[in-house]
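Here is a short briefing to read with the model open beside you. Have a look at the fold first, then work through the points by topic.

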Amino acid sequence: MSVQTGGRTARTRARGRGGAVDPDRAQKPEEKKEDEVRIEVAPTSTNAPVKAWLEANIPPIPGSGRDPFRIPAELATQHTDPALLPEKPVESRGLFELLSTVARRALTLGLAAREPSFHVFVSAHPEVMIEDDVVRFAERFSEGRETPPDIVYVHDFDHPEAPKPLVLPPGSGGTLVAAMDALIDRLKQEIPSIAAHEEVRRATQKLARDLESKNKEVLTGLESTAKNLGFGIRAVQGGVQTFPILHGKPLSAEQFGALDESTKRALGEAEDRLTQEVEKAANRVREQSAQFDAAREEAMNRLAEAVITRACGELKKLLTDFGDDVQVYLTGCEKALIEDWQDFVEQPHQMVQTEEGGIERVEAEPADHDPEHATRLGRFKVNLLVAHEEESPPPVIYETNPTYPNLFGYLERRARFGALLTDFTRIRAGSLHAASGGVLVVRATDLMTDPIIWERMKRVLRERRIGAEDPLGPLGLYATTLRPVPVPIRVRVVLVGAPDVYATLLDADPDFASLFRVKVEIEPSIPRTPENLKGLDAYLMAMAETREWGTFDRGARARLLDLATRLAGDRQKVSVSLSPLEETAAFAGALAAARAEGDSDWAEVGPASQVPRPFRASSAATGSVVTAEDVEIAWRERRERAGAAERHIRELTLRGEVSLDTHGFRVGVVNGLSVYSAGDVEFGQPMRITAVVALGREGIVDVEHEAQLGGAIHTKGVAIIRGYLARIFGQERPLSLKAQIAFEQSYGEIDGDSASSSELFGVLSALAEVPIDQGIAVTGSVNQLGEIQAIGGVCAKIEGFYELCRARGLNGRQGVMLPRANLEHLVLREDVALAIKEGKFNLYAVETVPQGIEVLTGVPAGERDPSGRFPAGSVFGRVERRIIEIAERLREAEGHARVPPAPGSMEDVSHADLSEAGDYRTR
């Protein structure tokens, strides 16, 4: 049959309740009438012809019911006028300067606060690579501030196992090291020459003469005693020798043997007395020699003490400004040098094997001495741990590898005597030592990889001092007798981490809140103001210059800012998650370089968005200029490199393996929109949502929930649908129906409420038996009051449906219906915006369910009149009548008598009433 409406002929063929109604757009070449569409409808006994929804098959025309909800093309995307940008980018002060005033003030507070526990946590999403900009901000903050002190480790003469730190004025650590080395070198030259000093030489000669005179006296007295006893004495090496004398001549052995026994006995007794006298004489000689040595030693000590005192006195005077601790240390050095000045004269050495396998001559150590404790002249060395130049700003250190030794320092070891040994000169500083007086920036996730490191960090920040330990010391793999005294530090630690890391630490670690009291929140996007656009442009162009990406013209720079807006997902903001923009700009520079080099295949390429172009990634060619087209190509290719999953799913749909229509009309069938995630890529994909109605009292049945594939939020959305239906149709009578909703060909978990409006429209279509235009996909959540609410991923959803429609062929009627609240989030691709501008694709924004059902079906939803009835031909009127019909049939099925319709009820509405509903597009 045919229905004439508004000068148009419509022929419709229906295939019964719930069937598809596809428009046949094929026209003969001779038919040039643009306003004629033939739609054939087969006669059906179960579905009366409804003029209103038949007219919905006619393509929209100006003034139709959809026009009030159509989104203008200029609202589909966002463009930056290149004329707003300066010819040359302004100087960039870093990304942190573009952030909110609250964030900058919070970081400034954390850096400036004197309270030691006011450490900072910068909360930023991982995509916002803010670490380098935090470092630059801290460096600018530190300019002109007081230089922190130097730190050295020295030997403790009272406790050799515990070397102690000295805190020195800035720039003086190296001076102390050089001064102590110069002192030892000076004494090495002066003290050995003491023996040749004139005073020592004269004293030694006098003592030698006195000793020789006394020794002669002893020897003369001994000779006299020996003569009286009948013995003689002669000097031999190392002592004297006695022999008997008879008749003035020494006795030989033969002569002694010929003597009688009494004479032998007398000589033996005399020899014993003489031996005693010789021992007494030897003792006197030894005493005199000891006195000589003592006197000589005393003279040497006096002279050595004078030399050391003079040298140390000069050094103390020179280092007066270094503080009292240095003076105390120099006094200890002076005392030890005076006591052990012989180390400068007697320096025993030994040969040891080095770590490289060679032989090294080193100073010998006492056998009973701990090899890790400094001895002899090694005690006077100075280990420079942390040094600063005078008048330099406090250090700002970004520790990218916060291992235990890198953070807290360590004891360096060397192979000696078959073991790994250390000493105080091998204490090495960590980042906390080096950052003392300044700022240490660390990524929170790097710090949390080892619980031992986190616990040690908290202890250091609480105690404000740090001692050097072995890299594996906490695990007990090395033993050492060296226990360095901890170094006092004053450092501000800035942790950079994701918001969920901050929340986890706040909940799981009570110490975290007491130590990191300043939170700096970095939002992933900033307002799209002219000042921020210029600042972000300057930042990107400074990066391009540093990395040699080439020169960007103003069109390319404006396009990069448009992409930053797209990344933000908000027309009034720009994203500071710049990793995608860096990649795009780098490849755009490579494309420009290839063009400047004159690649032969450059001129053979087609449209920018479709055909790949050659590129040179090595460096920017001289004179290469990046254009907006280069940026667009790079952005598109970047997306396509990670779009395999999207292309695969779209291919399945195009081949019919995934059932989904993009034209025609279906009752109870809606094209919903979902967002898929594949690694770092998110893309939109339409999904068929179906609703069927039957007799029953189960209400809304969610198939996903029944199959345990529905998430909690999705289940909530279905419950909201029940609430909306009860509010509209359940005020006068209970709702008795069974409507089953399913996401077709979905085999994973479904969650979220962005499809709740699509499900509701499917239920209304199934109840009213009014078909839905399959060329319009739907997204948006709904509340119990029937208001369409904003959802996320709107651009990805629109573009996903557009790609499918483009692959099948755009017919000018396809589009997406979205919440009006999402208009500010529309930053679509250029090709999608162009299709909207040319009328090949459409966007519709709605605020309420009635508006949405009118866009989808072409039939007004209807409003209750003063008597409380919906118009007979409206969607809501048909829904209410169907609900009453289901209730009646339920009563019949349950054995109750048929109750005549009450006067004024919806049940007595005839087909004629429906046919006179009127053309909704003329109202």
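Helix α4 (residues 173-190) packs against helix α8 (residues 324-339) at an angle of about 20°, and their axes are 13 Å apart. Because angles under 35 degrees count as roughly parallel, over 145 as roughly antiparallel, 65 to 115 as roughly perpendicular and the rest as oblique, α4 is roughly parallel to α8. This is a predicted model, in which local features need pLDDT of at least 70 and side-chain atom pairs count only at pLDDT 80 or more, while totals for chains, interfaces and linings use all residues. Residues are numbered from 1 along each chain as its sequence is written, and side-chain values use heavy atoms, with hydrogens and water left out.

- Helices (H or I, at least four residues) and strands (E, at least two) are DSSP runs, numbered from the N terminus.
- Axes are lines fitted to C-alpha atoms, for helices over the stretch in contact, and angles run from 0 to 180 degrees between N-to-C directions.
- On the α4 side, the contact (heavy atoms within 4.5 Å) is made by Leu176, Met180, Leu183, Ile184 and Leu187, and on the α8 side by Val326, Tyr329, Leu330, Cys333 and Leu337.
- By class, this contact of α4 with α8 has 10 nonpolar, no polar and no charged residues; here Ala, Val, Leu, Ile, Met, Phe, Trp, Tyr, Cys and Pro count as nonpolar, Asp, Glu, Lys and Arg as charged, and the others, Gly among them, as polar.
- An α-helix has 3.6 residues a turn, so residues three or four places apart point the same way.

**Cysteines**

- The structure holds zero disulfides, a disulfide being a pair of cysteine sulfur atoms within 2.5 Å.
- Cys333 is buried at 1% relative accessibility, where buried means under 20% relative accessible area, exposed over 50% and partly exposed in between (1.4 Å probe, protein chains only).
- Cys805 is buried too, with a relative accessible area of 0%.

**The α22 and α26 pair**

- Helix α22 (residues 756-768) and helix α26 (residues 875-893) have axes that come within 8 Å and cross at roughly 70°, so α22 is roughly perpendicular to α26.
- Leu764, Ala766, Leu767 and Ala768 of α22 make the contact with Val875, Phe876, Arg878, Val879, Arg882 and Ile886 of α26.
- By class, the contact of α22 with α26 has eight nonpolar, no polar and two charged residues.

**Positive phi values**

- Most residues other than glycine have a negative phi.
- Glu769 has a positive phi of about 55° although it is not a glycine, and it is found in the loop between α22 and β32 (772-773).
- Is Glu769 buried or exposed? At 9% relative accessibility, Glu769 is buried.
- Gln708, in the loop between α20 (703-706) and α21 (712-729), has a positive phi near 60° and is exposed, with a relative accessible area of 73%.
- Gly858 follows α25 and has a positive phi near 80°.

**Burial and the whole protein**

- Helix α25 (residues 849-857) is largely enclosed by the rest of the structure, because seven of its nine residues are buried; among them are Val849, Ile853 and Leu856.
- The protein has 27 helices and 37 strands, and 47% of its 923 residues count as buried.
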